[in-house]
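Work through the exercises below with the sequence and the model in view. Try each task before reading its solution.

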Amino acid sequence: LDRQANAFAAYLRRTLPGDAPILLYGHKELALPVCMFGALRAGHGYIPVDTTYPPERVAQIAAQARPGLLVDLGGAALDGVPALDAAALDEILAQPAAPAPREHWLRPEQTAYTLFTSGSTGVPKGVQITAGNLEAFHRGVRPWFDGMREGGAFLNEISYSFDVSVCALYEALGRGMTLWTADRQTLSDPKALFALLRESELDEWVSTPSLAELCVQSEQFCAALMPRLRQFLFCGEVLSKKLTEELFRRFPDVPVVNAYGPTEASVLVTAARMTRQMLDADAPLPIGRPFSTVEARIAGPDGQTLPDGEAGELLLISDAVSPGYLGRDELNAKSFFRTEDGRRGYHSGDLCRMEDGMIWYLGRLDNQVKLNGFRVELEDVENNLMRVPNVARAAVLPQMQDGAVTSLTAYLLLEHPDGESALQRTRRIKAELARTLPAYMIPRKLVVVPEFPLNTNGKIDRKKLSAMR
């Protein structure tokens with residue numbers, strides 16, 4: 001990795017003056033981390049784009065980012081952008097090269113990577129993360145990874161276009177660990193995935209909860225499969241009590257850590273180890289306490305800091321907060337701010353409450369829907385569904401007609417077959433929900449699915465889910 005990164009850095013210094021970013025189009029190829037580190041050593045940032053992105057979206061990203069080079073491992077072919085295919089890249093990486101001089105490395109204020117996320121206008125928005133942001137993230141997350149050992153094994157299954165992959169690329173490799181890569185094909189084949197888990201003897205598991213939800217459907221997923229596992233760390237989605245309870249049972253000596261963080265604040269900003277007391281409490285599982293490098297505030301509608309226990313928007317203040325979205329000045333003015341003493345802050349858009357420094361996530365401020373005049377938080381319905389016996393996971397989607405929400409549909413993953421007819425099951429679950437929810441919040445339709453489809457970021461693919469009728 002070191003030798004090939006130096007070779008790529010040397011190539012960039014010879015052929016690409018300035019600091020234009022490098023667009024990396026691929027999936028989980030071994031050459032991608034080489035190109036990332038080589039770019040940083042030559043003073044260039046990089047833009048990872050997964051091959052699941054359609055050509056039109058890749059072109060939109062390139063139009064905004066103006067890359068100086070395309071490393072094309074998936075057939076992207078962008079007009080006007082010089083490109084290297086896999087064969088040309090192999091030739092470059094085989095060349096001998098001296099270590100890249102430190103003075104050529106990326107400076108702290110320069111953008112290390114740009115990740116493009118979904119935009120409300122239909123055009124992806126690019127989150128810029130500087131080398132200084134990465135350093136602040138490293139200082140904050142370090143206590144959660146301090147037990148990782150050189151030569152240990154780390155699960156590398158998260159797409160490089162999703163920010164959680166930074167944990168594998170920087171935290172694990174930076175400690176001399178081996179990345180065991182589960183690509184898209186492996187993740188879609190339970191037999192191949194379990195073979196990888198058995199062979200790798202993982203020390204560290206970092207993923208979205210959805211991947212573990214899939215795995216626990218098999219009784220093979222237990223301590224005997226991964227006897228050296230040191231901890232589970234989950235992020236990117238809500239961690240359910242049912243999954244946590246199941247992991248406690250199957251991996252009694254392995255801590256389960258719930259972590260949280262938006263891409264705009266460099267991956268993760270809070271974490272906490274789950275306990276039996278948290279599982280037994282009426283509240284959902286907490287997302288943790290802020291890292292030592294992060295200040296968290298709960299703010300009301302007028303921006304005022306709210307007292308402990310009150311719900312409001314989570315504001316994050318840290319050196320890990322992004323300088324902003326690429327070329328989106330109006331959006332930056334809404335999303336980012338400066339504190340009185342000049343520190344950078346971010347409006348998360350997440351509804352949270354905090355007590356004694358511990359934070360609970362209550363849903364998205366923008367994930368409300370209006371149904372028959374009532375405001376409904378979709379996460380509220382999902383959380384109540386997962387309290388119903390035999391419901392392992394739930395996702396609730398609004399049904400639209402002429403731009404208005406007409407009803408809710410709940411998609412359910414069962415813990416085990418129940419032998420009920422669809423009508424019997426629907427009546428039973430709706431009766432359970434009626435104990436905790438008003439009638440207008442109870443989904444009209446319940447759909448049992450064999451599994452939840454995942455997108456390239458390891459999260460539930462809600463578009464595919466809505467097609468499962």
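Which residue in strand 13 is the bridge partner of Ala271? The partner is Arg289. The model is a predicted one, in which local features need pLDDT of at least 70, side-chain atom pairs count only at pLDDT 80 or more, and totals for chains, interfaces and linings use all residues. Residues are numbered from 1 along each chain as its sequence is written, and side-chain values use heavy atoms, with hydrogens and water left out.

**Exercise 1. Follow the pairing from strand 11 to strand 13.**

Step 1. Locate the strands, which like the helices are DSSP runs numbered from the N terminus (strands: E, at least two residues; helices: H or I, at least four). Strand 11 covers residues 256-260 and strand 12 covers residues 270-273, while strand 13 covers residues 289-290.

Step 2. Apply the pairing rule: two strands pair if DSSP finds at least two bridges between them. Strands 11 and 12 are antiparallel and share four bridges. Strands 12 and 13 also run antiparallel, with two bridges.

Step 3. Asn258 has Ala272 of strand 12 opposite.

**Exercise 2. Work out how helix 1 packs against helix 2 and helix 4.**

Step 1. Take the angles. Axes are lines fitted to C-alpha atoms, for helices over the stretch in contact, and angles run from 0 to 180 degrees between N-to-C directions. Helix 1 (residues 2-15) and helix 2 (residues 31-41) pack at about 50°, with axes 7 Å apart. Helix 1 is therefore oblique to helix 2, since angles under 35 degrees count as roughly parallel, over 145 as roughly antiparallel, 65 to 115 as roughly perpendicular and the rest as oblique.

Step 2. Read the residues of this contact, where contact means heavy atoms within 4.5 Å. Helix 1 contributes residues including Phe8 and Leu12, which meet a set in helix 2 including Val34 and Phe37. By class, the contact has eight nonpolar, three polar and three charged residues. Here Ala, Val, Leu, Ile, Met, Phe, Trp, Tyr, Cys and Pro count as nonpolar, Asp, Glu, Lys and Arg as charged, and the others, Gly among them, as polar.

Step 3. Repeat for helix 4 (residues 86-93), whose axis comes within 8 Å of that of helix 1 and crosses at roughly 105°. This angle makes the two helices roughly perpendicular. Arg3, Gln4, Ala7, Phe8 and Tyr11 of helix 1 touch Leu89, Ile92 and Leu93 of helix 4. The classes are six nonpolar, one polar and one charged.

**Exercise 3. Classify Thr244, Ala131 and Asp319 as buried, partly exposed or exposed.**

Step 1. Thr244 lies in helix 10 (residues 241-250). Thr244 is buried because its relative accessibility is 0%. Beyond its sequence neighbours up to four places away, Thr244 touches Leu239, Val256, Met274, Leu279 and Leu285.

Step 2. Ala131 is in helix 5 (residues 131-145). At 21% relative accessibility, Ala131 is partly exposed.

Step 3. Asp319 sits in the loop between strand 15 (312-318) and strand 16 (324-325). Its relative accessibility is 55%, so Asp319 is exposed. Outside four places in sequence, the contacts of Asp319 are Gly132, Asn133, Ala136, Arg139 and Thr293.

Terms used: Buried < 20%, exposed > 50% of the residue type's maximum accessible area, 1.4 Å probe, protein only.
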